[in-house]
Amino acid sequence: MKEYKAGIYLRLSKEDTNTNNSIEAQRNITLNYAKKHNISVINEYVDNGYSGILDSRPALNKMIVDILRKKIDMVIVKDLSRLTRDKNKTGYYTEVFFPDNDVRLISVTEFIDSGERYEIDDTIMLRGIMNQSYVADISKKIKSVKTDMKKQGKYVEKNVPYGYKKDAEDKYKVVIDETVSDNVKLIYEMYLQGYSQGEIAKYLTKLKIDTPKKYKGQNVTINEWRNDSISRILKDPFYTGKMIINKLYTDYRTKKKHKTSKEEWIFKENTHKAIISQEQFDKVQEILEEKFYKPKNKYEYLLKGLVYCGHCKARMQYKYRTRTKIRNKVLDKPQKCWYFKCRTIYKFPSICDKGHTIMENTLNEIVLNAVKQKLNTININIATNKIADEYRKNDITYREMKLLKNNETKIDNEMKKLYSKRVDEKISIEDFKSQYDELKSELKETKKYLEQLQEKNKNKISEENLKRIVMDFKQGKEFTNEILKQIINRIEVYEDKKVEIEFNF
Ligand SMILES: [Zn+2]
């Protein structure tokens, strides 16, 4: 039998608290093995306090040099994770470096012996993978030290959210920073009033309020609030007086920090004073989520879908100006002034160059007065007879619309089926494309026709509805957009507050 010159490699990492892994224990295990098998140990390589992940391990490097210089031809370890916890690296040593240099590897506690004739052993790779998952376990343990402190309500992070500061007496405690906490309140209040994050940022900048960075004393070239600062403040539950225990986790293999998802968050309640009530915070989250899912269609207003330009017949745009001052006096909070404007002038000035506007309040007043007058003076019987006539005519249209809608669903289903056929490769790309295009154009036609019909009929009022509206009106019920849409077909606006209203009866 060949006489081996062995080296024993011992490593204790900082993370390792298992006494079975102490250098002394490793030494005993490996030396006993060598003695039992009459193996002479030439050298001992000890890395104490070095991680199994990083490569800068001086003793391991020395061992590698000794291997290259043929000083040793056998390596004995307690287990493979002593060498490295990285499965690729384990594979490198066990499959490439050691066999290339004719080194026999023995892992005592895992009963691995590469033997004289080296063969790639799946179990060795498997061990490497196990060791890696072991690292994940350990990283969880280290994390838990910090987590334990957090669970006790201690603030262990370096930075404090805007609006708070560290307690001068206790570095693990956070208190409200009265100098700026009102700004946090303002941000929440404005957002709940319907201001966008961008508008709030502009407003704070205009008031020359220092940004969180600038306030913290960091060097900033432009002291301008940005949307993401506002967004961060609006999303942080810290302001409700609780702490997230597991906001970040560290991947100990890459040493990188990652954010946990909202669903995984664990809270510790009442760790500090709240700036924002839970109720307010929840409302803000609701709005944030809504905005996220449907960014369009954000305004609801009384005359929605009814206001057109009298000249070009185009729909007038609903807009607002933000007023932060009245007669040079800065307002506590900015005010939104909503108005309607014909925007044709920007695109087709030859068609309509009026670009006229009307304030929403003014138009609402004009329209509501006209509606009240109309409802007061109509003869309900004559009106309902007229409507009944219209309704009978429209009956055919409604049936047609129903058919079209059915057709739309049918085509949609066909497209889904076709798509899954393609995914399962039951149909060639060429066939898929031609069939898809056919369905698509059919769908487009159907939709177009349906839209035309809908547009024609959208504002028709039924006999019963009109009766009900008149009754509601007499009982003083308020008008909503839905009710007005049944009464009014369209409102046309000219300059100088001249308004024409087309009723549905
Ligand atoms: Zn116009």
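## C342 and its loop

C342 is buried (under 20% relative accessible area; over 50% is exposed and values in between are partly exposed, with a 1.4 Å probe and protein chains only), at a relative accessible area of 1%. The residue sits in the loop between β14 and α10 (344–347). The C-alpha atoms of C342 and D353 are 8.8 Å apart, with the two residues separated by 11 residues along the chain.

This is a predicted model: local features need pLDDT of at least 70, side-chain atom pairs count only at pLDDT 80 or more, and totals for chains, interfaces and linings use all residues. Residues are numbered from 1 along each chain as its sequence is written, and side-chain values use heavy atoms, without hydrogens and water.

Helices (H or I, at least four residues) and strands (E, at least two) are DSSP runs numbered from the N terminus; two strands pair if DSSP finds at least two bridges between them. β13 (residues 317–326) pairs with β14 (residues 329–341) in the antiparallel sense over 9 bridges. I326 has K329 in β14 as its bridge partner. The hairpin of β13 and β14 has 2 residues between the strands, and R327 there takes a positive phi near 45°.

β14 also pairs in the antiparallel sense with β15 (residues 357–359), over 3 bridges. Here T357 in β15 is the bridge partner of K341.

## R232

R232 belongs to helix α8 (residues 227–235). Its relative accessible area is 56%, so R232 is exposed.
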